[in-house]
Amino acid sequence: MKTKNRKTIGVFIDWIESSYHIELISAIETTAHELGVNILTMIGGALNSSQKFEALCNIIYDFVNYKNVDGILIASGSLGHYCSEEELIQFCRKYHPLPVISISQALPGIVSIISDNAIGLKALLQHLITDHGYKKIGFIKGIEGNQDAEQRFDIYKQTLLKNNIVFNEKLVTPGDFTPETGRAAVRYFLKNDIKPEVLVAANDDMAIGAIEELQVRGIQVPYEIAVVGYDDQPASETITPPLTTVRQNISKQSIKALHVMLDILDHKKAEPLQVIPTELIIRQSCGCCEQILQTIATVIPDKSINSTDNTADLIIAKKEEILSHFIRTTQHHIHHLNIREKDLEELFDAFLIDIENIQDKYFLQLFQNKIIMSMKGRKSKNLWLEVLSGLIKATALYAFKKETLLCIENLFFQAQSIIRAQIPHVEISRKSEIDNQIKVFSALTEGIIGTVDIQSLMKLLSKAAPHMQIIKCYFAIFSKEDSSYSKLVLAYDRYMDEAPKLLGIEFPSDNFIPDLRILEGKPYNLRIHPFLRDGVFLGFTVFEFTPATNILQNLLRKMFLAGILKGVFIYETMKTEAERLEALVNERTGDLKQTEIRLKELNSALKKEKHIATIANENLQNTLNKLKKMQKDAVETEKMAALGSLVAGIAHEINTPIGIGVTAASHIYNETNSIYTSFLNQNMTKTELQEYMDIAQEASSMILSNLKRAYELIRSFKDIAVDQSSENVRQFNVKNYLQDVLLSLRPRLKKVKHSITINCPPDLTVFSYPGAFSQIITNLLLNSLIHGYTDDRSGQINFTIEHSDNTLHFIYSDDGKGIDPDNIDKIFNPFFTTNRIRGGTGLGLHLVYNIVKQRLGGTITCKSDIGKGVCFIITFPVNNYNIKNKDNGGISPPESPV
């Protein structure tokens with residue numbers, strides 16, 4: 001993978017899912033491209049994970065060596081979640097003599113680039129104690145043994161001691177850096193009647209989880225309990241209220257690590273430990289109001305101040321000092337807002353002109369132009385508010401004339417209105433963009449269904465690539481048992497038309513692609529993923545992407561590529577087996593001819609015929625076994641098709657509540673402008689205010705109810721989609737999960753008039769396979785809609801669920817037309833259907849039968865009379881914590897997080 005004229009740097013990272021991972025890898029890739037450096041990113045899960053799937057992914061790190069990289073950057077902060085320091089050091093040393101740099105975690109003997117937890121976190125805790133007077137400070141810890149987590153907890157205890165606050169163990173809860181442990185911490189405090197004044201979380205994900213749990217329970221943040229975090233993730237700015245946190249400059253760490261690596265490769269000496277300072281970011285979740293209003297309030301003079309002081313002259317005299325401070329404090333926002341320092345200087349000059357002349361002539365017009373050009377969403381709104389606050393604070397402290405301060409305040413409020421006025425336009429544009437992405441994805445996903453050859457799948461991939469931001473896509477499977485060689489089975493390259501001609505080529509696996517000439521030319525940023533199926537590491541994929549525009553596009557791209565790769569693998573497996581069978585047939589044909597000759601010569605026809613029959617039976621049995629496997633693959637394809645259909649349906653459903661919410665928001669925005677104008681003109685009446693309050697209440701209620709509806713749809717879709725595409729065991733509430741499945745099927749159910757009844761204890765919680773449960777419900781219900789009700793009459797569908805002796809009894813019935821007695825014994829056979837015209841595939845009930853018998857270890861029977869509907873009776877064991885499964889070994893129930 002090395003190229004002659006460029007350095008190639010390997011990057012080890014567990015996943016690229018969260019904003020932390022995206023910021024880290026994006027900074028490396030962007031900087032490397034500017035410096036003309038190749039990046040080879042290995043995405044192989046966290047080390048020493050207890051999850052079998054993640055542990056298998058670790059094998060991809062073994063393919064990196066001196067032949068394909070010049071040095072390695074390791075995202076040890078996330079890669080080493082489950083490692084001791086010594087285990088992580090040993091992992092780094094096995095790549096000697098390649099230089100290795102650790103990012104985010106300091107490792108003795110390894111060059112390390114870390115953030116200074118102490119500076120920012122101490123400033124945050126001191127702000128809570130000194131500025132807010134908090135004494136009862138709760139703390140949500142990170143992963144036990146993790147270097148960052150332990151250091152942050154130590155700083156928490158040291159700061160309490162320094163401020164003479166007694167450490168209280170009851171105010172500390174465990175955590176694992178996920179939102180769920182933030183929610184669990186809140187539940188723990190409330191259950192034990194402990195109410196901290198403020199919650200300090202060891203990272204933003206846990207802080208956001210805590211805020212969400214508090215809001216669900218009706219506890220206002222920050223007025224009843226304040227919450228702060230650590231990391232300054234993008235979501236921290238958009239959550240309500242915006243999160244006070246510590247920015248650890250992940251991008252700076254990553255960029256610094258790349259530059260240090262290049263220095264090492266250039267034989268320059270590198271300091272063993274380099275620290276990037278952290279920065280306190282104050283927002284509203286800690287209890288701070290908008291600082292600009294406080295600033296203005298404290299500096300407006302009383303009547304005793306000489307109103308003849310020349311404020312404008314003083315500010316102009318201090319211009320360079322004020323401007324330097326303003327640009328320095330807002331430097332972080334320039335990149336995200338896609339503006340230049342020159343733009344900030346122009347805004348500052350226009351602002352000075354207006355406050356000097358006590359007018360609003362230049363600044364607001366220029367400010368509006370900059371806003372329209374740069375706003376891409378609510379994050380931009382928050383960043384612009386911070387820029388605006390920085391500008392006001394930089395000048396207000398030098399203003400001593402009341403008229404000047406009032407002018408500054410007027411400019412501030414009008415500029416705020418300009419920012420907020422852009423939100424509806426941004427949201428409408430964003431909604432339209434999302435709708436288009438979902439439509440494109442739905443159309444492309446439909447193309448995967450029924451596509452059974454490589455050429456068709458590659459054409460589909462080529463069509464999808466511009467929409468999915470894909471530059472390169474190579475898929476190889478191991479051709480030897482020791483995985484040393486691989487065979488290319490899929491190839492797409494935007495800049496290489498000859499890529500498909502490489503199919504079938506075998507090459508050394510640590511090359512990752514069959515022809516290194518593909519990488520000649522401009523620098524590349526390749527991402528390598530291991531490919532696993534049925535708990536076996538079978539090969540790898542190589543991708544190069546352009547930067548994705550949003551999280552939704554990342555999700556759609558991931559789902560689309562998963563469908564493509566599964567289709568390619570199934571086809572390749574079937575093709576290989578067909579070639580083997582063909583060779584076997586040819587071999588046996590030759591044997592038969594020789595046997596016939598020998599029979600005639602030896603006059604022993606009877607004995608030889610018996611021998612041939614035995615061989616034929618063995619061949620038939622082998623063929624039958626292979627057909628069963630192909631049948632299983634067809635069922636898997638059916639499951640993916642159902643998931644694709646679910647995506648399209650849910651997308652359509654979400655449009656309605658979002659549209660209503662946008663309309664209501666637009667209406668309340670217009671009414672707010674109107675009442676605000678009346679307020680400014682001092683002609684607002686009590687009647688107008690009352691009417692506005694009524695409209696605001698009604699519109700707010702409409703927005704809340706529709707957003708809640710959209711939230712429920714998205715939540716149910718996410719849960720059901722994840723469960724249907726995985727085979728994990730977990731604990732879940734049966735009735736709630738059944739209702740979520742029915743909610744995800746709403747696009748199909750709302751077209752019919754049937755009544756659905758659920759008879760299930762509301763507190764019934766089991767430990768089983770939710771994905772299997774979802775597949776059973778979906779296929780039984782769709783079977784009724786397609787086969788049971790062929791007319792327009794209303795029907796009755798019933799779900800009855802009971803639990804006894806660790807066994808779940810599931811009874812499903814409808815009052816449709818029933819099943820012919822001649823067919824009752826055939827309904828579970830693959831591809832058997834009586835209604836293919838209406839969309840029956842003959843795989844639905846076969847899939848249910850396989851799930852119940854093989855996955856759940858249960859039984860299923862069907863009773864039916866013509867004209868009286870059907871009744872399916874299913875039983876299977878649950879709450880068996882020693883369930884064995886070929887993917888994950890022994891499964892144990894999850895422990896309580898607190």
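**Helix packing and an open five-stranded sheet**

Helix H23 (residues 734-744) packs against H25 with axes 10 Å apart and an angle of about 50 degrees between them. The model is a predicted one. H25, residues 770-788, also lies across strands of an open five-stranded sheet, among them E19 and E22.

**Contact of H23 with H25**

- Angles under 35 degrees count as roughly parallel and those from 65 to 115 as roughly perpendicular, so H23 and H25 are oblique to each other.
- The crossing of these two helices, H23 and H25, is right-handed.
- H23 contributes Val734, Tyr737, Leu738, Val741 and Leu742 to the contact, while H25 contributes Pro770, Gly771, Phe773, Ser774, Ile777, Thr778 and Leu781.
- Nine of the residues in the contact of H23 with H25 are nonpolar and three are polar, with no charged residue.

**The sheet**

- The five strands are ordered E19-E21-E22-E24-E23, and their pairing is mixed.
- E19 (755-759) and E23 (859-864) are the edge strands; each has a single partner strand, so one side of each has no neighbour in the sheet.
- From one strand to the next, the twist averages 10 degrees.
- E23 runs antiparallel to E24 (residues 870-877), and six bridges join the two.
- Thr859 is opposite Thr875 of E24.

**Helices on the sheet**

- H25 lies across E19, E21 (796-804), E22 (807-814) and E24, and runs at about 15 degrees to E22.
- H26 (residues 844-855) packs on the sheet as well, touching E23 and E24.
- The direction of H26 makes about 140 degrees with that of E23.

Terms used. Residues numbered from 1 in each chain as written. Predicted model: local features only at pLDDT ≥ 70, side-chain atom pairs only at ≥ 80, totals over all residues. Heavy atoms only, no water. Pairing = 2+ DSSP bridges. Helix = DSSP H or I, 4+ residues; strand = E, 2+ residues; numbered from the N terminus. Axes fitted to C-alpha atoms, helices over the stretch in contact; angles between N-to-C directions. Contact = heavy atoms within 4.5 Å. Parallel < 35°, antiparallel > 145°, perpendicular 65-115°, else oblique. Left-handed = near helix turned anticlockwise from the far one by under 90°. Nonpolar A, V, L, I, M, F, W, Y, C, P; charged D, E, K, R; others polar.
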